[in-house]
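Thanks for coming, everyone. Please bring the structure up on your screens. I'll take us through it step by step.

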Amino acid sequence: MAIVGAAIVAVGIKDWDWGNGSGFQTIEEGWFAKNTRHGGMDKIGHAFSTYVIADLLTDRIQANASDPTGAPITAALVAFGVMGLVETVDGFTGRHRFSREDIVANGVGALFSVFRNTVPGLREKLDWRIMYTPASFERPGITSETGILPPYERQRYIMALKGSGFEALKNTPLQYLELHAGFDARGFEERERELGYPIERSFYVGVGLNLNEVLFGTGPHPNFARYKDTLPGWAARKTLEYVQVPYTSVYQENRFSTVRRVGTVFRD
């Protein structure tokens, strides 16, 4: 909890204008529509952050509790509370403000963690990850900002169904592969508007390489399996559970919504 708290405070000060106080304010942000500030990427980010915190806390409770039966629920409630506190602090910053949609998104992330950690075998089969897309994935001019977290225009969220989680696919080449479904939204951010890029929301489907299985699995090929329970091995495995490494997958993109800009006016 100390690590989670320190990380959130650091990001809050650097990325979310914490400390630039104002009176408590609320805002209706919407969800994924073309007239929202981030096209829903902020809502997915809230859900994903809550999910990751809940997942990590689940691991620590299960490792240390004498009776870890309720670990996923306890961890999800704590993570939801932490992210609710984050949203409350946002209410005192004039830039972000308190959003009920963010609270709902936090609840979705917490529930997904409970679902993934209570359904037998699901954790071995399904990962939810973020990819910080390299510049070569994006339009010219879209570069990194100075914050700690990757900006929304450089994020993509991916669900990965892992072959290694299925008994029938173990000890076959398919244990190293994953099926991916992803989403991103582009054109909503200030730099993209300045460059005149259209608003686009896209789904992706594709095939990826399961780096955790390649590096730490029990297959016939030499790897780092004997180090997987060391602290560096654990850190690497957890990182690959939540982070999609670029250039380890191939995708087919479906842009289901495009809104082109003419001056400052949106045109379907």
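Start with a term: a salt bridge is a side-chain nitrogen of Lys or Arg within 4 Å of a carboxyl oxygen of Asp or Glu. By this rule the count is 23 salt bridges. Keep in mind that this is a predicted model: local features need pLDDT of at least 70, side-chain atom pairs count only at pLDDT 80 or more, and totals for chains, interfaces and linings use all residues. Residues are numbered from 1 along each chain as its sequence is written, and side-chain values use heavy atoms, leaving out hydrogens and water.

Now some individual pairs. Arg 123 forms a salt bridge with Glu 241, with 3.4 Å between the closest N and O atoms. This pair links distant parts of the chain: Arg 123 sits in helix H5 and Glu 241 in helix H8, 118 residues apart. Helices here are DSSP runs (H or I, at least four residues), as are strands (E, at least two), numbered from the N terminus.

Are Arg 123 and Glu 241 buried or exposed? Both are buried. Buried means under 20% relative accessible area, exposed means over 50%, and partly exposed is in between (1.4 Å probe, protein chains only).

Next pair. Arg 129 and Glu 178 meet through their side chains in a salt bridge, 2.7 Å from N to O. Again, distant parts of the chain are linked: Arg 129 is in strand S3, Glu 178 in strand S5, 49 residues apart. Why does Arg 129 count as buried? Because its relative accessibility is 4%. Glu 178 counts as buried too, at 1%.

Now look at Lys 170. Lys 170 bridges to Glu 167, at 3.2 Å between the closest N and O atoms. Lys 170 is partly exposed, with a relative accessible area of 35%. Glu 167, at 62%, counts as exposed.

Some bridges join up. One network of salt bridges includes Arg 123, Arg 129, Glu 178, Lys 238 and Glu 241.

On to helix H8, residues 231-242. Helix H8 has twelve residues and reaches 17 Å from first C-alpha to last. Which residues of H8 are buried? They are Gly 233, Lys 238, Leu 240, Glu 241 and Tyr 242. These pack against H2, H4, helix H5 (122-125), S3 and helix H7 (211-216).

Next, the nonpolar cores. A nonpolar core is a set of buried Ala, Val, Leu, Ile, Met, Phe, Trp, Tyr and Cys residues joined through side-chain atoms within 4.5 Å. The largest has 19 residues, and Phe 48, Tyr 51, Trp 128 and Tyr 157 have the most contacts inside it. Helix H2 (41-64), helix H4 (100-118), strand S3 (126-132) and S5 each give two or more residues to this core. H2 gives the most, with six.

Take Trp 128. Leaving aside neighbours within four places in sequence, its contacts (heavy atoms within 4.5 Å) include Ile 44, Phe 112, Ile 158 and Glu 241. Apart from this core lies another, of twelve residues, among them Ala 76, Ala 79, Ala 110 and Val 114.

Last stop, strand S7, residues 249-262. Val 250 has its place there. Val 250 is exposed, with a relative accessible area of 58%. That's the tour. Questions, please.

Technical notes:
Expected span 1.5 Å × (residues − 1).
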